[in-house]
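This briefing is meant for a reader who is meeting the structure for the first time. Please look over the sequence and the model before going through the points below.

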Amino acid sequence: MIEVLRPSDLPRARATGRLVADILQTLKARSAVGTNLLELDRLTARLIDEAGAQSCYVDYAPPFGRGPFAHHVCTSVNDAVLHGRPHDYALAAGDLVSLDLAVSLDGIVADSAISFVVEGDGGGAGAGATDLDLIATTERALAAAVDVVRPGARVGDLSHAIGQVVKGAGYRVNTQFGGHGVGTTMHQDPHIANDGEPGRGYTLRPGLLLAIEPWVMADTDELVTDADGWTLRSATGCRTAHSEHTVAVTESGVEVLTLPSGAAPA
């Protein structure tokens, strides 16, 4: 299903996007040495409830997962890159963390992800050059895709923009999982692969909401699935990163919806 929202729906989409972004920033600020992933999940549940919103994850049970996800946020650490199921793990200095969150507020969904490195107790970042490059590459690829979003553009244009950045940085691209449409539900068509041919695929039009999400692994494009049936890790155990925004296709171009409160519009 491809859902195109009405102009009157855009204020609700903005509110949902801002909520998702603000929760992610709160979680990042709380992700200190010793913080347990289950604590982050409980905090996410409380923030969603206080906002009068609903989690898109708790009851989510797609074919690629094993039963309902049963948590409120994806917490992927180090070699985990996607769908990280919160578990009893305390963060350590230098951990590379990706948080992915989708929430429904007033009937509209927004989806976003951020990656960062946990700082040490003394304030040192503990981030190696590879970690910083992984994160920066996903962010550059995301920005490149957002830059080509406009009415009349094709999904392949976005995929191509992502792939050019990722491959140009020396990383391999996995196209099994990527971006997607959102709206009144979390996962919709069109699928936005993280590499592709320009000028191909669905033609974008105003009212379409897209979750664009480049992710990379340091030295492989192969995934393995944890025993939990959800968490996807790099096959080699290498580090990983993931960035995601929900955007709206507008009459004049694009609006990034998942910016935190006070951030300048993109």
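In which element is the place of aspartate 131? Aspartate 131 belongs to helix 3, where helices are DSSP runs of H or I of at least four residues and strands are DSSP runs of E of at least two, numbered from the N terminus. This is a predicted model, in which local features need pLDDT of at least 70 and side-chain atom pairs count only at pLDDT 80 or more, while totals for chains, interfaces and linings use all residues. Residues are numbered from 1 along each chain as its sequence is written, and side-chain values use heavy atoms, with hydrogens and water left out.

**Surroundings of aspartate 131**

- Aspartate 131 has a relative accessibility of 6% and therefore counts as buried, a term that means under 20% relative accessible area, with exposed meaning over 50% and partly exposed in between, for a 1.4 Å probe and protein chains only.
- When residues up to four places away in sequence are not counted, aspartate 131 touches Gly94, Leu96, Val117 and Arg239, contact being defined as heavy atoms within 4.5 Å.
- Alanine 241 lies 110 residues from aspartate 131 in sequence, yet their C-alpha atoms are 7.9 Å apart in space.

**Helix 3 with helix 4**

- The axes of helix 3 (residues 129-147) and helix 4 (residues 155-168) come within 8 Å and cross at roughly 150°, where axes are lines fitted to C-alpha atoms, for helices over the stretch in contact, and angles run from 0 to 180 degrees between N-to-C directions.
- Helix 3 and helix 4 are therefore roughly antiparallel to each other, the word used for angles over 145 degrees, whereas those under 35 count as roughly parallel, 65 to 115 as roughly perpendicular and the rest as oblique.
- Helix 3 contributes Thr137, Arg140, Ala141, Ala144 and Ala145 to this contact, and helix 4 contributes Leu158, Ala161, Ile162, Val165 and Val166.
- The residues of the contact of helix 3 with helix 4 comprise eight nonpolar, one polar and one charged, where Ala, Val, Leu, Ile, Met, Phe, Trp, Tyr, Cys and Pro count as nonpolar, Asp, Glu, Lys and Arg as charged, and the others, Gly among them, as polar.

**Helix 1 with helix 2**

- The axes of helix 1 (residues 10-30) and helix 2 (residues 37-50) come within 11 Å and cross at roughly 150°.
- That crossing makes helix 1 roughly antiparallel to helix 2.
- On the side of helix 1 the contact is made by Ile23, Thr26, Leu27 and Arg30, and on the side of helix 2 by Leu40, Leu43, Thr44, Arg46, Leu47 and Ile48.
- The residues of the contact of helix 1 with helix 2 divide into six nonpolar, two polar and two charged.

**Strands 4 and 5**

- Strand 4 (residues 96-105) and strand 5 run antiparallel and are joined by 10 bridges, and two strands are said to pair if DSSP finds at least two bridges between them.
- The two strands, strand 4 and strand 5, form a hairpin with two residues between them, and aspartate 106 in the turn has a positive phi of about 55°.
- The bridge partner of aspartate 100 in strand 5 is alanine 113.
- Strand 5 (residues 108-117) is largely enclosed by the rest of the structure, because 10 of its 10 residues are buried.

- An open sheet of three strands has the order 3-11-10, with antiparallel pairing.
- Its edge strands, strand 3 (80-82) and strand 10 (223-225), each pair on one side only.
- Strand 10 is joined to strand 11 (residues 232-234) by three bridges in the antiparallel sense, and threonine 225 stands opposite leucine 232 in strand 11.
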